[in-house]
Amino acid sequence: FSFSWQTTFQDGGEEVEDGAVYNVTLKKVQIQQAANKGARWLGGEGDQLPPEHTVRQYETSKIRAIKAGTLEKLVENLLTAFGDADFSYISIFLATYRAFASPRAVLELLLDRFGNLETSSHGEVANLNSLESEMVLRAEIASVLRAWLDQCSEDFREPPDYMCLLKLLDYLKNNMPNSDMESRVQNLLKQFQNQEVEAVDGFCSTSSSDLVDGEELEISNPEEFSSFQDHVVAEQLTYMDVMLFRRVVPYHCLGSIWSQRDKKENKNLAPTVRATITQFNAVTKCVISTILGTRELKIQQRAKIIEKWIHIAHECRILKNFSSLRAIISALQSNSIYRLKTIWMCVSKDILLMYEELSEIFSDHDNYLTSRELLMKEATSKFANLDSSEKENQKKSQKRLQLQKNKGVMQGTVPYLGTFLTDLIMLDTALQDYVEGGLINFEKRRREFEVIAQIKLLQSSCNSYCLIPDQKFIQWFRRLQHLTEEESYKLSREAEAAADTNILSPKSQKSMVKRISTLFLGTDVFTPPKEQPLKSSPVGGSSGESTDSASVSSCEFNHSETEDVCVTPVSSPEDPLKKSSVGSDKGYDSDKGSISSDKGSGSSKGSIFDPASGLDSGSIASRDSGPVPGSAPRALPVYNRQSEGSCIIRVSVDGLHASVYKSILITNQDRIPDVTQRALLKHNLEPDAVEDYELVQVISEDKELAFPRDANVFYGMNSHVNFDFILRKKA
């Protein structure tokens with residue numbers, strides 16, 4: 001017989017149980033086979049046979065995916081998900097449950113309620129009359145525990161008591177004595193106890209124990225930078241980025257967790273993400289310090305350092321290290337570096353073209369579509385896919401790439417974490433935590449898991465890197481004294497003033513201005529934006545963190561904690577080059593994970609993460625709802641666009657965190673008092689002080705839109721400009 005299959009899915013609606021709501025999908029499989037061997041002679045096989053010579057059979061199965069439920073129901077579903085054909089449920093739950101429950105609460109439900117056969121009221125357990133059924137239940141619990149230890153062993157790191165691990169060990173000794181899992185839990189407990197001296201705070205440090213010697217070292221000289229080869233610097237930056245990115249605990253990136261980091265009691269929250277942000281900011285500050293840190297440098301010397309950093313950025317691109325690549329580009333676009341017009345004129349044309357191409361990777365067009373597509377394209381590829389519109393750069397790129405291939409060294413991919421932080425913050429803002437009846441909205445967790453799964457995939461790819469630490473460079477990098485925002489701007493003015501007095505013939509100066517203008521003013525050409533120095537958050541504890549960063553994207557990834565961490569171009573009378581911004585010139589949106597800078601003379605924010613521009617078309621709002629079969633995709637509210645009676649706005653507080661934004665979901669029913677109260681809560685201010693504040697929309701640098709006391713914000717706002725608002729205390 002010959003067979004052919006055809007599968008169709010049909011929406012089966014919802015099933016409601018006590019404490020849970022399920023999405024139901026009907027899976028219909030059509031099996032078509034030849035009626036007999038002789039039928040094959042009549043022409044073709046399977047679906048090519050004449051209808052009278054085939055037999056069609058249909059099989060219909062039901063797939064149930066929990067949509068919302070109580071914590072008890074969600075934990076119970078861990079044991080029944082495979083039976084309901086919801087095969088991804090356990091992974092989704094384990095990756096996201098920290099947003100609504102603690103490890104202890106989940107473990108107690110799993111072991112005490114469902115693992116205790118004598119007292120359990122579990123529907124399946126209540127009727128257990130056979131040893132076989134008991135074994136099935138224990139196997140289900142063992143499967144869940146095994147997955148938990150495999151995927152999220154860090155959940156059990158609770159020094160000094162390790163209550164959850166001890167509880168789990170006690171359960172295994174009573175119910176699965178001498179099992180492999182019991183040995184595994186004992187080994188994990190010993191491992192955590194041995195590592196207890198390395199406090200969790202160690203993650204917040206810019207260096208890890210295997211990267212830096214503990215001894216105190218002299219401050220590095222910026223001039224030593226020229227002695228390091230370009231590919232060595234790129235490899236060492238990648239080595240440090242890989243070490244930190246592999247340690248990132250995915251649930252630390254969840255919007256509901258990351259957005260709480262600036263509260264006083266949460267100063268040690270999400271340490272693995274903070275460490276990555278700190279490293280990003282350290283790279284950005286290193287670039288600025290090496291260019292400006294030595295007053296005695298001549299124009300050509302500073303230009304050579306800029307060229308060197310562009311070459312290093314290109315080497316990072318070859319290594320698929322998008323984190324340090326973004327950090328270097330952000331630094332070169334900072335105000336203190338961008339404004340060095342005379343020095344930029346001394347940078348060779350080929351290198352400026354290379355810089356332009358690297359900058360375009362992080363263009364904010366269509367919600368950073370270029371960088372998103374590139375990241376997904378190369379996420380699991382062995383090598384970078386290098387295309388250059390400039391022939392000379394293309395030759396150099398292919399030559400360097402061929403050297404990598406000849407070494408037989410596979411590469412992973414280090415992403416710009418800010419993009420993922422931004423997406424998770426926007427999801428957290430757009431979707432409710434609870435639905436009708438107080439049930440936990442698990443559909444929201446499925447959407448979040450789509451982003452978490454990408455982070456895990458990239459972490460896995462990082463195992464392909466084979467990089468050896470160069471202690472000489474790492475020590476120099478860690479010991480380098482960083483310039484403050486004010487210092488870098490002051491030194492920048494001095495360097496440019498000295499350059500202006502340099503002897504340049506009118507003819508050569510005219511030629512350079514023409515060349516620079518062609519590069520920076522052409523169509524769709526990127527130019528260095530203004531500096532957005534990375535500032536450390538007083539609460540965050542790591543340098544370069546902004547008080548209100550929330551995601552890792554172009555702006556907040558000061559690798560710190562901001563919502564908008566992008567470097568933006570400066571538009572000022574002294575900058576004759578009109579530039580197109582790669583990032584946003586907004587402040588940092590703390591809910592997105594970007595970094596903001598202090599308001600210093602001539603400074604603007606320095607961007608690490610990319611949340612500043614919000615999510616435009618092409619953002620998470622336009623993605624499918626995910627792995628739940630039969631559930632229709634639903635458009636989510638997004639920043640800078642009103643859709644289906646809702647949108648997301650960004651609100652800062654005048655005078656307090658002027659460059660820090662919080663994302664807030666509003667609907668066409670919300671009025672000024674409602675929005676003001678939510679904004680105060682987001683900024684950790686007294687919500688009862690609504691009457692003391694006024695809410696205004698920023699129209700331009702010199703225009704604002706004020707709202708009457710009871711105005712409807714959704715209909716009253718100007719939808720043709722950025723959805724940026726300011727809370728200001730009334731006079």
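Ser-371 is buried, with a relative accessible area of 12%; buried means under 20% relative accessible area, exposed over 50% and partly exposed in between, for a 1.4 Å probe and protein chains only. Ser-371 belongs to helix H16, residues 369-378. Helices (H or I, at least four residues) and strands (E, at least two) are DSSP runs, numbered from the N terminus. Leaving aside residues up to four places away in sequence, Ser-371 touches Ile-361 and Phe-362, where contact means heavy atoms within 4.5 Å. From C-alpha to C-alpha, Ser-371 and Tyr-416 are 9.1 Å apart in space, and they are 45 residues apart in sequence.

The model is predicted: local features need pLDDT of at least 70 and side-chain atom pairs count only at pLDDT 80 or more, while totals for chains, interfaces and linings use all residues. Residues are numbered from 1 along each chain as its sequence is written, and side-chain values use heavy atoms, with hydrogens and water left out.

## Charges over rings

Tyr-416 has Arg-326 over the face of its ring, at 4.3 Å from the ring centre. Arg-650 lies over the face of Tyr-661, at 4.4 Å from the ring centre. A charge sits over a ring if NZ of Lys or CZ of Arg is within 6 Å of the ring centre and within 35 degrees of the ring normal.

## Aromatic pairs

The whole structure contains 18 aromatic pairs. Rings of Phe, Tyr and Trp (its six-membered ring) pair if their centres lie within 6.5 Å; planes under 30 degrees apart count as stacked, over 60 as edge-to-face and the rest as tilted. Phe-473 and Phe-477 form a stacked pair, 6.0 Å centre to centre with 25 degrees between the planes. Both residues lie in helix H20, four residues apart, about one turn of the helix, and both Phe-473 and Phe-477 are buried.

Phe-707 and Phe-725 are also a stacked pair, at 6.0 Å centre to centre and 25 degrees between the planes. This pair links distant parts of the chain, 18 residues apart: Phe-707 is in the loop between strand E10 (703-706) and helix H24 (713-716), and Phe-725 is in strand E11 (residues 724-729). Both Phe-707 and Phe-725 are buried.

## Packing of H10 and H20

Helix H10 (residues 271-292) packs against helix H20 (residues 471-479) at an angle of about 85 degrees, with the axes 10 Å apart. H10 is therefore roughly perpendicular to H20, a term for angles of 65 to 115 degrees. Among the residues in contact are Cys-286 in H10 and Phe-477 in H20.

Methods: Axes fitted to C-alpha atoms, helices over the stretch in contact; angles between N-to-C directions. Parallel < 35°, antiparallel > 145°, perpendicular 65-115°, else oblique.
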